[in-house]
Each structure stands twice: as structure tokens, then as C-alpha cells.
Amino acid sequence: MVEDYSQVIDQIVEQSGKDRSRLMDIVRAVHAKLGYLPEEAIGCIQQALGMHRVEVRDMTSFYSFLSQAPKGKTVVRLCDAVVERMKGADEVAKAFEEAVGVPFGSTSEDGSISLDYTACIGLSDQAPGALIGSVPVTHIKPSDVPRIVEALRGGAEASSLPQAVVDVNLRQPGPVVFAPMERGAAIRKAVNMAPAGVIGEINKARVRGRGGAGFPTAMKWDFCRKAEGNAHYVVCNADEGEPGTFKDRVILTEQPDLVFEGMTVAGFAIGAEEGLLYLRGEYEYLLPHLEQVLAKRRSLGMLGQNVCGREGFRFDIRIQMGAGAYICGEESALIESLEGKRGAPRDRPPFPVQKGYKNEPTSVNNVETLCAAARIIEKGAEWFSAMGTKDSTGTKLLSISGDCPHPGVYEVEYGITVDKILEMVGAADAQAVQMGGPSGQCLAPKDFGRGISFEDLSTGGSIIVFGPDRDVLDCMCQFVEFFIEESCGWCAPCRVGTTLLAKMMRKVLDGKGTKADLDALRKLGTTVKTMSRCGLGQTAANPILTTLQNFSSLYDARIKSDEFIPSFDLSKALQLGAEITGRTAELEEHHV
Amino acid sequence: MSEDTITILIDGKAIQAEPGQTIMQAADAAGLYIPRLCGHKDLPPGGHCRVCTVKVNGRPASACTFPAVEGQVIESDTDEINTLRRTVIEMLFVEGNHTCPACEASGNCELQALGYRLGLVATELPYLNVPREMDASHKDVYIDRGRCVLCGRCVRASKLVDGKTVFGFAGRGIGKRVAVDAEHALSETAMSATDKAASICPTGCLVVKGKGWATPVGKRDYDTMPIGSDIEQQAAG
């Protein structure tokens, strides 16, 4: 058995050029071949690459799509994110457990099917959804499940299932991202301007990063261009993992050319010869089409040597697959992952524009930002900056889901108010709006008059609507539980703090909380926010902190008037002993 | 001092720093102690514990990694920041299984000493009881992961000082743990009791066997002086 592994693995490693920094590709290939990563396989990889076993394990144990234990022939990953559970994922899960005969987190006895939960897979607009292998299935009803399981057991391909359909759900195309485009138009204009001219035009348009942080794109490119290095890199961040976001799915499906166009323009501006698109593992099903588009662009001379006829401008793009880790949407964690390591963020400074991929100057840009950049070069800064508000020019893509009849992607001008958005999606009666996903803020109706912009409500675009009957606080606790799953564990405040936040929040939701617990949540939340190393930890307490602020009455309705209720349940702790001895513990009434 | 010496302000006191120094290095040289747990003088910073967080021009940053830059206004020894630090130390206490009175490291333990220095009297946060494995397979060294604070000192020391890479991390989030470079256990690795990694643990997680209680309680590092005194006294003297 070991020898079989070593042959297969040696071949895979050989194909990678024995390059440690391609460990992700190597491991993914081995995993695809064997279905999991047995210890023997880790040993073979380690030897073939001349690494330590613990270094390989350090990486492989990090990603949720890489398994150390044997898996079933087919792996069903049901998304159990907040929106999916709002849409009935729990009932679907029950149906799967009944049909397969084992609980989630395990494999059927015949080895045919494994059931696992997974975080948001970018299909909240057609929930409940799942990935079967890498194939997305959507709008699953509990009544569909027996037939799905039967088909999979019978050896059917997941892609042949009637539910294996992804709706585009582009509800409102706008002028920047979703208007028709001509391949190469932006590049041809760019190469006729000097790199500084391109950056100047982007600067004039005042475009800012669409991922949520809002850093001025021209400034990022300029820093990167001016930073000294042996090579410069453009990285497209297509690791949209924020629960409730799916705009990049739609862009990569409908406008991949515009993304690559933007990357090429960026490459010209900063002086890069290589661009990398980091595609989240959940979007593997988009890979074949994206590779086709890249091949087409190479054949048209828009990638490769002398791009678009520009003498000496060499640029090509490689797609790097991820393997299931929300944190890799953070740019320095993404770079670590690109280098074949665990996705642990880096300390800054130095910033990626100074020392990024392979320690060289790197510009990491959001998918949507690169589209905007291409369009600015194509149509001019003036055209672009005429849209939006003073400090937020252009349009923004919103991924809207939850309690609303018209979920999907909307391209809107910056400045649009929450009221207007709710009207657009048919949810005027919303109780609350989660702006920017779990890491953003939970807004109450008093804030619905506010507008989407960097100067007011800044957002990466995930908007989750909570209807009048929704238990908002329970959703917040689930958000924090998501952060527990996705914390990289590097720093103490995030690793321990997220776990504590959920535990203490659950106590309140269980009706055992008092005012003291709310004060403790506030103190702990502030500590996690202030002391954590990266954006994940710094925002992980937001679901609790923003609802404590905006929905205090919901908390007041849940807490008791006691001064203190212990979280430790003494009678429960004594239960097992009582059962074994056959005696009941008689506890005195608890007095404070 | 070279011509390009820079001046930073820590808690209102002007400090001289050399270009390339971190805030912590500059503060240490000036005899201002910034609490830290994962940092060690013989290792590059890890940025794990965040106990050394200060406010640089109003924004939180880890002093162990953040470069000193001319004109920075830094807050460190304030009630606000010390409360935040104390809560982080408290988190580490409830994450692990720290039974100080019975622990070989008591008195030499930096986690315990920081708890004292920052005024942590009792834990209010609920205990997490994270299950963690013990590894006593090696003849000279044992790992009690219940006391691990994931500071990564052993990982860095084994790789950078000992040149062995005996340790690494595995898993993520609250399930993250220190792993060893072997299929099963520490005994299969190149670990030696004389390695830097064997003596660099800030708590009682990684312990050399056969030396238990060699120094009696009462005569240990932090029994007589609070942690950080060496830095404060060195500059005074």
C-alpha cells in the first residue's frame, strides 16, 4: 500500500517541479487521488519535497476540505450557515441523516457517502445548498433527499442531479461590472499610457477596494510599483468567504474576461509579469470555465509575451485553488496560502505591497475592484467618478439574501440607502439587516435611512435580511460560532475569545443570563476586538457588540433579574454519579 | 548614538530608538517593561499572545513586531491597556488546565507571573476544558498540552536555534495544538533535553524530566520579584 502511494505521490511532486511553494496543489492532487491524506501519504510528500513531516501536517491540518481520515466515495457538504438554516438546512440535514443512516460528521457503513457540514459556499441566494464533491446543488428540499442519496449510491454523478443547477441571480446589472465589454479594450488603452498614467487615471477615479476595507486602489498600486523587488505580483482575491456574499461567483461566471482584463492592467501598472487568482475551494466548479477563458486570452495575445502588441510587456495568470478556509480572504493569509502554507495572517508592517508573495511587492485586489479598474481605463475616470458619492465613486455589488423574496446580486451606485435596498428586494418589513456579513454590523430600523458608502455604511457587499419573526440574537450566536470554526488559532484573543463569546452568548439565549453577563460580553467583546492580530478577530465580536448597541431590548427580554446565575449546573454535573450510585443528590435551593 | 536616532514617546516619556528596532526593543533598552508572553530575547517575535499590545498613535499594535518610527506617541502602562492584557491572560488560564499549586513550573511560570503582575486575582470567564493530549513518550522531555499557551517558542527555537524542526502546529482555531515531527510521538523525533526548545517553554507544558522541584518554591524566578523587573532594573543600574 505504502509503495502504491509513493509512486503516485512522487509523480505528482515531480509534476510540480518539486516546488515546496506548490504544496497546496500537491496535497490537493494527492487528496483527489486517495480521497484523504493518510499518514503514509504525508510521509511520502515530506520525503519527496525534503520537508519535515510536521511542516506538511502544519499545512494540511489547517484546511477544512483536506481530511486525515478516510472519506466516503462521495462527500456531501451541506452548508449550515445562518441563511441556509433560515431556509431549512436543519430539516434537509435530518433528511440526509435518515437517508444515509449516519449522523453528520461521519461516513455510511458501505463507504459510499460522507456527510459533513460546511460554512457559506456562496449560494445563500438559492439556499439550502450543498457541495456534492465539488458540484453545487441548490434549493434542496427535504423531500428531494431520498432520491439524491439513492442516485449517489447507484453511482450517479452529482452533476446529473436535477438540483445541480446554479441560478445566476443577477437581479440588477449596472454600468461598471455587468455592462457588455470588449475583450482587450482596457489593456490596449492601458499599454498606450505609461504605467504612471494608468495609476494616475485610477487615482483620478478615486476608486477604493471593494472587499470592504476601502483602501485607495491607486495608492496600493503606486506603493507596489515603487517598492523594490526581484519581481512584482498581482493577486486577485477570489476567496469570498463572508457568509452571505456571492457576488464574485456571479462575476466569475458572467464576466471573467473583465477580471482578467483588470489583472492585466494592474500587472502593467505595477510592473508584474505574473498574476495569481486565488479561487476559494468552494468554487472549484468554476475552474474549468476560467481556465478556458485564460486559454482563449492567451490565443488572442492578451496574455503571454508582448501583451496586446506592447513590446516587452509580458504577463500571464495562474489560478491557485484554496481548500476551505475563510481566513484566506485576509490578504496576508491568502499570500501564505498561495505559498503553500497554512493560512495564518502575517504581522504588519511590512505590508504586502512591500513584502508579499515570495516576499516580493504584491498588490492584492478584490475581484470587483479589478473589474472597476479595467472599466475606468476603458471609459475614463470622469465617467466613473460621476457615479456614487463624494468619497465613494462608482458602483457596488450587493449580495442580498435572507428573509426577502428577491435575493441575488444587485449592482447599485454608492449612496443607496438601506430603505431603498429593502424595497428593491421586497423586504420593507425587515426587523434587522446584517450589513457586511457577520464581520459587519447588525442594523436596526433606526439606521435604515443610512447609505452604503465608505463614509457611512462600508460593506464588502453581503447583506442578510432578518424578517419580523426571526430570532436575531440566535443568528448572532451562530455568526460567532462561525468565527470559532474559522479562527486560525494564531493569536490568543481570537482563538480563545471567540469560543468564550459563543459560550457566554448561549448562556444568555438559554435564559440563564443576567445583566452581569451582558456586561461580561461587552468587556470580552471589546478585548477580542482590540487585541486580536487580524481582521477576523478584530471583527468577530461585532455580531454581539452591534446588537448589544442596536437591539438592547432583545437582550433585556432574554435576561433574568437575578444578580447572578452560575453557568455551572451542579445538579447536571452530579447526574452521572447519581445514576451510577442510584442515589439522588439533594441540593439546597440556590440563594444569592 | 548614531545621527539617525529616533525619538518615540511611551506613556509620556521620551525614548531614544535605533532605526530598525521594534517598539519593544526600544522600550526594553530604556528600562520600560512592556508585558509579553510569547516573546523571548533569543527568538524573533511570534505575535501570538498579543499581551504586548500597545496603542500607537491611538491604534492597537503588538510592540514586539511594530517598528519604532520617529514621533510615535505610544500608550502602554494605562488602566485601559492593562485591563485588556489581563483579560487575555485570563483567557489563557481558562483555555488550558493550569493547576498552579501542583505544577512544576509554578514560580518560574511566565503565565502565572503575568497574572500576578497584571493583578489577575481570580478567573471570571468560564473554563473551556479543551481536550488536549499529553505526550510522555520521550525519555527526557514531556509535553503536557493542557498547559500549552500556543506561544510557539518551542516551534521557533527548534527550527531556528536547534536546527531540528521538532515542533510545529496542527489544526486551527480552538483546536490548534503543538505537534511533533513524527508519525506518533515525541520519542520518535530528534528531540534532546539539551535543546534550546526544551528549556524555553514559558509554562509547565514542555518540561525536562528528572529535575522536578530542584529549586524549592519560594526561591524561584518570580517568587521574589515580579516579571519584568530585570528589564526595569537593568536600565536603572
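**Where the two chains meet**

Modeller: Gladly! Between chain A and chain B there are 19 residue pairs in polar contact, both partners at pLDDT 80 or more. That cut-off applies because this is a predicted model.

Biologist: Which helices of chain A give two or more residues to the side that touches chain B?

Modeller: They are H4 (53-60), H18 (472-486), H19 (492-509) and H20 (515-531) of chain A. H19(A) has the largest share of that side, with nine residues. By class, the side of chain A that touches chain B divides into 17 nonpolar, 13 polar and 14 charged residues.

Biologist: Why is the pair B:Glu183 and A:Arg53 called a salt bridge?

Modeller: The rule asks for a side-chain nitrogen of Lys or Arg within 4 Å of a carboxyl oxygen of Asp or Glu. Here the N to O distance is 3.8 Å, so the pair of B:Glu183 and A:Arg53 qualifies. The count between chain A and chain B is four salt bridges.

Biologist: How many residues are in contact across the two chains?

Modeller: 44 residues of chain A are in contact with 43 residues of chain B. Together the chains bury about 3500 Å², and carbon and sulfur atoms account for 63% of it. Of the area that chain A buries against chain B, A:Val54, A:Arg495 and A:Met531 supply 19%, more than any other three residues.

Biologist: Now for chain B itself. What does its domain assignment give?

Modeller: The assignment gives domain 1 (6-77) and domain 2 (85-212) of chain B. Taken over C-alpha atoms, the centres of these two domains are 25 Å apart.

Biologist: What makes these two domains of chain B count as being in contact?

Modeller: Contact needs heavy atoms within 4.5 Å, and 20 residues of domain 1 of chain B meet that rule with 23 residues of domain 2 of chain B. The area buried between these domains is about 1600 Å², with 63% given by carbon and sulfur atoms. The rule for polar contacts finds eight residue pairs across this interface, both residues at pLDDT 80 or more.

Biologist: And why do B:Asp42 and B:Lys196 form a salt bridge?

Modeller: Their closest N and O atoms are 2.6 Å apart, which is within the 4 Å limit, so B:Asp42 and B:Lys196 form a salt bridge. One salt bridge is the count between domain 1 and domain 2 of chain B. On the side of domain 1 of chain B that touches domain 2 of chain B, there are twelve nonpolar, six polar and two charged residues.

Terms used: Residues are numbered from 1 along each chain as its sequence is written. Chains are lettered from A and ligands numbered from 1 in the order in which they are written. This is a predicted model: local features need pLDDT of at least 70, side-chain atom pairs count only at pLDDT 80 or more; totals for chains, interfaces and linings use all residues. Side-chain values use heavy atoms; hydrogens and water are left out. Domain bounds come from an automatic or database domain assignment. Buried area is the accessible area (1.4 Å probe) that two parts lose on being put together, summed over both. A polar contact is a pair of N or O atoms within 3.5 Å; within protein, one must be able to donate a hydrogen and the other to accept it, and residues adjacent in sequence count only if both atoms are side-chain atoms. Ala, Val, Leu, Ile, Met, Phe, Trp, Tyr, Cys and Pro count as nonpolar, Asp, Glu, Lys and Arg as charged, and the others, Gly among them, as polar. Helices (H or I, at least four residues) and strands (E, at least two) are DSSP runs, numbered from the N terminus.
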